[in-house]
Amino acid sequence: MRTTPDIAVNLQPIEDMIRNLLIPNMTGHTIRSDLQRSLFSLPAKLGGLAIINPVEIADTEYKNSLMANQQLTEHILKQHTTLNTNREAGKAVKSAISLSNAKRHESLKNQLMNDLPPLISEKIPHACEKGASSWLTGLPYEKYGFVLNKQGFKDAIALRYALPIANIAKKCICGKDNTYNHILICKKGGFVNSRHNRLRDTIASILEKICNEVVVEPTLQPCTGESLRPGTILDDGARLDIAARGLWSPMEMAFFDIRVLHPGAKSNANHNTPAKMYMKHEREKERKYGDRCVQIEKGTCNGLVFSTTGVRGHRGRYYEKAIPVDELDLNLAHTTSDEDRGDDVDDEDEEVGDEVENVEEEVSEE
Ligand SMILES: [Zn+2]
């Protein structure tokens, strides 16, 4: 592509193989439309899979290559015996090429957002969030548990693009259809508990490396008439997900409560930006337990919110900055799972369960 002009038409057989063999075998899904193929050609950070279409980009790649190598070409044509290129000019050309590609990709993404069916186009903004494509672009270190097996990878692709998931029961244990949305929101289906508890145990195992007194599901001290902010949970036996001493400051107890939200839930549809969606859930957590943690436990309450798309909220980023991950010898591949512990998630509100049912019904109607 970069060395031969006007080669696009000759690359069609390669594109046919990519479209009809490579993508179906790799993702477990056949390409149903040109729009879907274009979506997969976008960079991962723009919601795609970075599987290029050589026919579409051949001419652009050739022109870019001519520009990038202009100085070298002139050297060869003039038979210079020493290499004396203008580095600043070379950098400027590379920047211009990057900018041009970025604009082309952004334009394609916006076009696809308009043209793709809503069930898929609505997924694109969430696939574009920072962290949502890490599983596609990160190295699959087995040591860290970053490895998906063949079926797991195909399932993850299905969830990313709201595609049918292979080899699952048509009906959920609750009796409803096992649609893409329902799987991610039904408490009886098992995934809601599983993802929450795995995150809780993973975060606890990281905190154990750098904090003291790490406790999973710590019971809060009882309230005995303290004046706490309206909305605070006052129940005896109330538990948060993790407590750890010494994260923010020496001897101080930091309490963490984890929520995994699903962007497809009805109550999450009204936020102007994903950032506001995460912030709302973080504040909700802290409103329920924050004052009790501060006034009675003399600690801090930290709502950690994650998304089913693999994104973490604002507080999660703050927490990650406090942890010297690079200096830790982490082995998260075998983190204790919910099945091992045998306990239940208790952080999801009934409100979320209700909205989940609504979403499921909406999807069924489409
Ligand atoms: Zn269900």
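Predicted model: local features only at pLDDT ≥ 70, side-chain atom pairs only at ≥ 80, totals over all residues.
Numbering starts from 1 along each chain as its sequence is written.

**View A. Glutamate 217 in the loop between β1 (212-216) and β2 (242-245).** Strands are DSSP runs of E with at least two residues, helices are runs of H or I with at least four, and both are numbered from the N terminus. Phi of glutamate 217 is near 55 degrees, a positive value. Most residues other than glycine have a negative phi. Glutamate 217 is partly exposed because 16 other C-beta atoms lie within 10 Å; the class falls between buried (20 or more such atoms within 10 Å) and exposed (12 or fewer), with C-beta atoms placed from the backbone.

**View B. Methionine 251 in the loop between β2 and β3 (253-261).** Methionine 251 is a residue other than glycine with a positive phi, near 75 degrees. With 10 other C-beta atoms within 10 Å, methionine 251 is exposed.

**View C. Alanine 44 in the loop between α2 (34-41) and α3 (54-68).** Alanine 44 has 18 other C-beta atoms within 10 Å and is therefore partly exposed. Leaving aside neighbours within four places in sequence, alanine 44 is in contact with Leu49, Ala50, Ser133, Leu136 and Thr137; contact requires C-beta atoms, placed from the backbone, within 7 Å. A separation of 7.6 Å is found between the C-alpha atoms of alanine 44 and cysteine 128, which are 84 residues apart along the chain.

Key. Contact = placed C-beta atoms within 7 Å.
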